[in-house]
Amino acid sequence: MIGTGADRAFVALNIAVMTVSDTRTLENDKSGQTLSELITGAGHELTGRAIVKDDVRAIRAKMRKWVNRQDIDVIITTGGTGLTGRDVTPEAMRGLFDKEIEGFAITFHMISWPKIGTSTMQSRPVAGIVKNKYIFCLPGSPGACKDGWNELLVHQLDYRHPPCNFVEIMPRIDEHLRRK
């Protein structure tokens, strides 16, 4: 039988938001602002926010800095997941992932299908683990950010969510590195 999670206390995570865009600024970044508000509204800490150009090296450079910070548990990106020549977030991230979370893209598309139908295949959301940090790459629209957070991440980043969630396995995602 699946438990309710009611016996568990909420665990606030430290989450950073990276917007991948050649045109947005912090002042007009609706998707990054949407994610920031959803994250803090759920009780988590926003420990970083940045705009990074649609460039593999720039994305990887910022990501490397953030995954080495002790005050970041999770990084969520928005933008750069489409099909145009400038959309390079999946390529940048797949070169860094220690492990990819393939089910994230599948689940995101399942959620998008009833809302946008076949247009969901124009998006390439990805997720993975880098240096014991969860990385989730969402499309660049505020609606996609809301869907990704409200339908997927708010649950999986909540220790109380049954039957299982990403938070409860955080202490074990690097166990292969600790084995001798």
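Predicted model: local features only at pLDDT ≥ 70, side-chain atom pairs only at ≥ 80, totals over all residues.
Residues are numbered from 1 along each chain as its sequence is written, and local features need pLDDT of at least 70, while side-chain atom pairs count only at pLDDT 80 or more and totals for chains, interfaces and linings use all residues. Side-chain values rest on heavy atoms, with hydrogens and water left out.

**Helix packing**

Helices (H or I, at least four residues) and strands (E, at least two) are DSSP runs numbered from the N terminus. Helix 4 (residues 102-116) packs with helix 5 (residues 142-156) at an angle of about 115 degrees, and their axes are 10 Å apart. Here the axes are lines fitted to C-alpha atoms, for helices over the stretch in contact, and angles run from 0 to 180 degrees between N-to-C directions. The crossing of helix 4 and helix 5 is right-handed; a crossing counts as right-handed if the near helix is turned clockwise from the far one by less than a right angle, and left-handed if anticlockwise.

On the helix 4 side, the contact (heavy atoms within 4.5 Å) involves F104, T107, F108, I111 and K115. Their counterparts in helix 5 are A144, D147, G148, E151, L152 and L153. By class, this contact has six nonpolar, two polar and three charged residues. Ala, Val, Leu, Ile, Met, Phe, Trp, Tyr, Cys and Pro count as nonpolar, Asp, Glu, Lys and Arg as charged, and the others, Gly among them, as polar.

**Salt bridges**

A salt bridge is a side-chain nitrogen of Lys or Arg within 4 Å of a carboxyl oxygen of Asp or Glu. The count by this rule is nine. The table lists some of them.

| Pair | Closest N and O atoms |
|---|---|
| R49 and D29 | 3.0 Å apart |
| R69 and D71 | 2.8 Å apart |
| E91 and R124 | 2.6 Å apart |

E91 lies in helix 3 (residues 89-94) and R124 in the loop between helix 4 and strand 5 (126-130), so this pair ties together parts that are 33 residues apart in sequence. R49 and D29 form a salt bridge; that pair links distant parts of the chain, with R49 in strand 2 (residues 45-52) and D29 in the loop between strand 1 (14-20) and helix 1 (30-41), 20 residues apart. Salt bridges that share partners join R24, D29 and R49 into one network.

Relative accessible area is classed as buried under 20%, exposed over 50% and partly exposed in between (1.4 Å probe, protein chains only). D29 is buried at 2%, whereas R49 is partly exposed at 23%. R69 is partly exposed at 26%, and D71 is partly exposed at 33%. E91 is partly exposed at 39%.
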